[in-house]
Amino acid sequence: MSKGKIFSGIRPTASSLHLGNYFGAVANWVKLQDDYEAIYCLVDYHAIIEDYDKDALSDRVLNMAADLLACGIDPQQSILMFQSAVPEHTELAWIFNAITSYGDLQRMTQFKDKSENKEFVSAGLFNYPILMAADILLYHTTVVPVGDDQDQHVELTRGLARRFNSRYGDYFAEPETIHTEAPRIMSLADPTSKMSKSLGEKHFISLFESEDSIHSKIRSAVTDTGLQTDEMSPGVKSLFTLLKLSAPESVYAGFETDYQEGTLKYVALKDAVYEHLVSLIQPIRQRREGMSMEEVRRVLDDGSERARAQAQVTIKTVKQKIGLP
Ligand code: AQP
């Protein structure tokens, strides 16, 4: 039986991955490599639609690729590539522009959140989901492993596949989303918001920041929201999620019992989260340290070339189907 096809991307908007990226998406990318034919992409065209540092972008692409390799993406098994090396992504996006409804784009919550209170909102930010749909469908993807903040965009992608197929004849499969057991990691400084770089330094933990900094961010994690309720507060829930993802089951169960019996000490919970998280990411950090950037560049160039060969076949067929000469 032929393997299903995966595509997923990450924006090189910072120099390294954060825990949200890792637990929400990348951990699954690594796990699914054996069962799927996978393409993982540094989506650099998605990184230029909001303010960005042009002098840093190129290095960020390389650094994020190095992070992904350190996390366990295997370039012998999967394609690791960057988007701007394969112009068919933007070519297909333009074609999809013609079949995307303005109203559908207006409903995208990420656009609403990211455009709020901004003086300059680029058309690229509005059109972002179209390029994402092109990224996915260009490779006849069947499965998209992402955090749940991307669900609405994958839904739009399915709709575009349907619309294309009904106008021009069956061609694109409708991809499914796959989540990890933690599809939304929350900010420790504001446990009601998603862990995210754009909220600022204290709202995310990078896989590669100093242990002191990780310790201090976990130690200052918000636990009480001041509201009296019988339910676990969002901050404590978030710490338990990180513990579940990093510690042995017995450690997690012990803290759960403490919580139920009312004997839980937040400091002990935070220290356990710190200790287990750091041990989990230690091997990744070590692999990252020894990595040659020349080798990373070679992996990316090779992956982009292999991806382009596939993308060119799709674009050729799409152009024929829509009547271009
Ligand atoms: N907090 C999160 N929990 C679970 N999954 C997450 N992802 C991102 N944040 C979380 C998933 O990571 C993949 C890459 O997403 P991206 O390119 O949007 O990553 P990002 O730019 O690093 O996300 P940020 O930090 O949220 O960026 P800003 O603040 O700029 O918007 C996706 O699969 C995403 O779901």
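**Note on the predicted model: ligand shell and selected loop residues**

1. Asn 117 lies in the loop that joins helix H5 (109-115) to helix H6 (123-137); helices (H or I, at least four residues) and strands (E, at least two) are DSSP runs, numbered from the N terminus. This is a predicted model, in which local features need pLDDT of at least 70, side-chain atom pairs count only at pLDDT 80 or more, and totals for chains, interfaces and linings use all residues. Residues are numbered from 1 along each chain as its sequence is written, and side-chain values use heavy atoms, with hydrogens and water left out.

2. Although Asn 117 is not a glycine, its phi is positive, at about 60°. Asn 117 is exposed, with a relative accessible area of 76%. Here buried means under 20% relative accessible area, exposed over 50%, and partly exposed in between (1.4 Å probe, protein chains only).

3. His 140 also calls for attention, as a residue other than glycine with a positive phi, near 55°. His 140 belongs to the loop between H6 and strand S4 (143-145), and its relative accessibility of 28% makes it partly exposed.

4. The ligand is surrounded by 22 residues, and the closest are Lys 114, Asp 149, Ser 196, Lys 197 and Ser 198. A residue is near a molecule or strand if one of its heavy atoms lies within 4 Å of it. The shell comprises 6 nonpolar, 10 polar and 6 charged residues. Ala, Val, Leu, Ile, Met, Phe, Trp, Tyr, Cys and Pro count as nonpolar, Asp, Glu, Lys and Arg as charged, and the others, Gly among them, as polar. Helix H1 (19-32) and strand S1 (4-10) each supply at least two residues of this shell; H1 gives the most, with 4 residues.

5. A polar side-chain atom of Lys 114 is 2.6 Å from a ligand oxygen atom. A polar backbone atom of Arg 11 lies 2.8 Å from an oxygen atom of the ligand, and one of Ile 185 lies 2.8 Å from a nitrogen atom of the ligand.

6. Ser 187 is in the loop between strand S5 (176-178) and helix H8 (211-219). Ser 187 is buried, with a relative accessible area of 0%. Its side chain reaches the backbone nitrogen of Ala 189 at 3.1 Å and that of Asp 190 at 2.9 Å.

How values were computed: Polar contact = N/O pair within 3.5 Å; in protein donor to acceptor, adjacent residues only side chain to side chain.
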